[in-house]
Amino acid sequence: MDKIIVTGGAGFIGSHFVRRLLAADDVAEVTVLDSLTYAGHKENLEDALLSPKLSFVRGNIIDQELVDELVQRHDAIVHFAAESHVDRSFFEAATFLTTNVLGTHTLLDAARRHGIQKFVHVSTDEVYGPLPTGSASEQSPLKATVPYAASKACSDLLALSAFRTDGLPVCVTRSSNNYGPGQHPEKIIPLFVTRLLKGLSVTVHGSGQHVRNWLHVEDNCRAIELVLRRGIPGEIYNVGGGTDLTSAELTGRLLRIFDADWSAVTYVPDRKSNDIRYSMDWSKIADDLGYGPSWSLDAGLAQTVEWYREHPERWAPVIRDVEAPLAEINVAPGAEG
Ligand code: NAD
């Protein structure tokens with residue numbers, strides 16, 4: 001397994017994963033396939049682009065001819081490419097279905113025809129829907145409530161069906177909310193951090209009591225690499241282990257880092273649909289593959305804030321690009337994917 005395609009490798013998680021693969025001695029070639037939507041930036045790959053092991057292909061995962069050409073000369077696929085912003089999915093569901101469902105199908109179909117050795121489909125805990133109590137295991141029913149999560153649930157089922165019907169060696173990972181350097185500022189942590197850096201207020205939706213598990217992106221990438229190398233085909237692996245916080249608690253943590261008080265916070269009406277709590281049991285990947293998170297939330301948030309403080313050139317132009325379209329469709333930014 002020395003030639004690997006990473007779809008969505010110019011996005012947030014994908015770019016961290018690419019750097020991780022490039023550091024592995026037994027990986028000879030990494031090809032990023034990314035269409036560079038508003039969420040993808042070659043700058044996310046930074047110096048990785050200088051590596052002779054890395055090739056960058058700008059293209060769409062629904063382009064069957066291009067996908068075929070790439071897949072036939074690689075051994076494995078790690079599939080991150082997706083539309084990932086929940087709020088956008090309320091207004092642009094067709095784009096989500098095209099990329100997340102049809103795009104996944106196009107990759108699976110090529111993988112099947114060209115005998116790919118491993119296909120890791122990267123998914124989300126949001127497919128389990130809200131859990132007021134308890135935690136979802138990999139066997140829990142899929143009860144997605146928003147178009148983004150529904151499209152991911154559909155792609156998960158397609159990926160698993162490729163294993164059952166054709167024996168394609170597919171694994172699915174489902175992680176909680178990622179954070180870390182380089183995340184698009186439409187997502188809540190970078191949105192709040194960049195606003196606080198500019199001395200602006202931040203907004204909390206609804207009651208501020210929505211619970212999410214915050215996982216450092218490098219912990220998720222380590223888990224995905226374990227699944228790529230040792231995951232059993234046909235299996236799903238939940239990836240959690242971050243810290244559970246309500247959105248009000250998360251806001252409080254960020255305010256503390258900036259030495260700001262609650263006068264910097266405005267409460268706004270909740271978004272169209274906002275699941276009250278996600279929670280996963282991730283003991284399977286811990287027991288079977290030896291995964292465990294290494295980042296504490298305090299250390300991870302401090303590192304993340306520092307990154308945004310040191311790299312205004314990376315987020316200031318992006319904020320200008322996203323605020324206008326979001327204002328036009330009248331949604332509040334900040335929802336997670
Ligand atoms: P992101 O939005 O930062 O990156 C997505 C990347 O995919 C971008 O580079 C974009 O240009 C590319 N892309 C989009 N449509 C494409 C297409 N049709 N063809 C080729 N490339 C395309 O997303 P992310 O936060 O890095 O998430 C990566 C994956 O992880 C997604 O599948 C997402 O569902 C999943 N996930 C994310 C989180 C999270 O907290 N961010 C949590 C769980 C799961």
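This note walks through a predicted model of one protein, from the whole fold down to single residues.

1. **Overall fold.** The protein has 11 helices and 12 strands. Its radius of gyration is 19 Å, close to the 20 Å that the globule rule gives for 337 residues, so it is as compact as a globular protein of that length. Along the principal axes, the C-alpha atoms fill a box of roughly 60 × 45 × 40 Å.

2. Of the 337 residues, 56% are buried. The protein exposes about 13,300 Å². Carbon and sulfur atoms supply 51% of that area.

3. **Contacts along the chain.** Residues 24 or more positions apart account for 83% of them.

4. **Charge.** There are 31 positive and 44 negative side chains. The centres of the two sets lie 1 Å apart.

5. **Helix α2.** This helix covers residues 64-71. Its buried residues are Leu66, Val67, Asp68, Leu70 and Val71. An α-helix has 3.6 residues a turn, so residues three or four places apart point the same way. What covers the buried residues of α2? The cover includes the strands β1 (3-7), β2, β3 and β4 (76-79), and also helix α4.

6. **Thr106, on helix α4.** Thr106 sits in α4, which runs over residues 93-113. Is Thr106 buried or exposed? Its relative accessible area is 8%, and the cut-off for buried is under 20%, so Thr106 is buried. Its side chain reaches the backbone oxygen of Leu102 at 2.8 Å. Leaving aside neighbours within four places in sequence, Thr106 is in contact with Ile61, Ile62, Asp63, Gln64 and Val67.

7. **Helix α8.** This helix spans residues 247-257. Its buried residues are Ser247, Ala248, Leu250, Thr251, Gly252, Leu254 and Leu255. Their cover includes helices α6 (188-197) and α10 (297-310). Strands are part of the cover too, among them β8 (202-205), β9 (211-216), β11 (243-246) and β12 (265-268).

8. Most residues other than glycine have a negative phi. Which residues here have a positive phi of about 55°? Leu36 has one, although it is not a glycine. Leu36 lies in the loop between β2 (29-34) and β3 (54-58). Asp259 lies in the loop between α8 and β12. Their surroundings can be set side by side. Leu36 counts as buried, at 18% relative accessibility, whereas Asp259 counts as exposed, at 74%.

9. **Pro130.** Find Pro130 in the loop between β5 (118-124) and α5 (147-166). It is partly exposed, with a relative accessible area of 31%. How far apart in space are Pro130 and Arg277? They are 147 residues apart in sequence, and their C-alpha atoms are 5.2 Å apart. Not counting residues up to four places away in sequence, Pro130 touches Lys143, Thr145, Asp275, Ile276, Arg277 and Tyr278.

10. **Ser279.** This residue is in the loop between β12 and α9 (283-289). At 11% relative accessibility, Ser279 counts as buried. A polar contact of 3.5 Å joins its side chain to that of Arg277. Arg277 is also among the residues that Pro130 touches. Beyond four places in sequence, Ser279 touches Leu131, Gly134, Ser135 and Ala136.

11. **Lys284.** Lys284 is in helix α9. Is this lysine buried or exposed? It counts as buried, at 16% relative accessibility. Apart from residues up to four places away in sequence, Lys284 touches Glu138, Glu235, Ile236, Tyr237 and Leu289. Ser55 is 229 residues from Lys284 along the chain, and their C-alpha atoms are separated by 34 Å.

Key:
Residues are numbered from 1 along each chain as its sequence is written. This is a predicted model: local features need pLDDT of at least 70, side-chain atom pairs count only at pLDDT 80 or more; totals for chains, interfaces and linings use all residues. Side-chain values use heavy atoms; hydrogens and water are left out. Helices (H or I, at least four residues) and strands (E, at least two) are DSSP runs, numbered from the N terminus. Buried means under 20% relative accessible area, exposed over 50%, partly exposed in between (1.4 Å probe, protein chains only). A polar contact is a pair of N or O atoms within 3.5 Å; within protein, one must be able to donate a hydrogen and the other to accept it, and residues adjacent in sequence count only if both atoms are side-chain atoms. Contact means heavy atoms within 4.5 Å. The radius of gyration is taken over C-alpha atoms; the globule rule is 2.2 Å times the number of residues to the power 0.38. Accessible areas come from the Shrake-Rupley method with a 1.4 Å probe; for residues, only the protein chains shown count as cover. Lys and Arg count as positive and Asp and Glu as negative; His and the chain ends are not counted. The place of a charge is taken as NZ of Lys, CZ of Arg, CG of Asp or CD of Glu.
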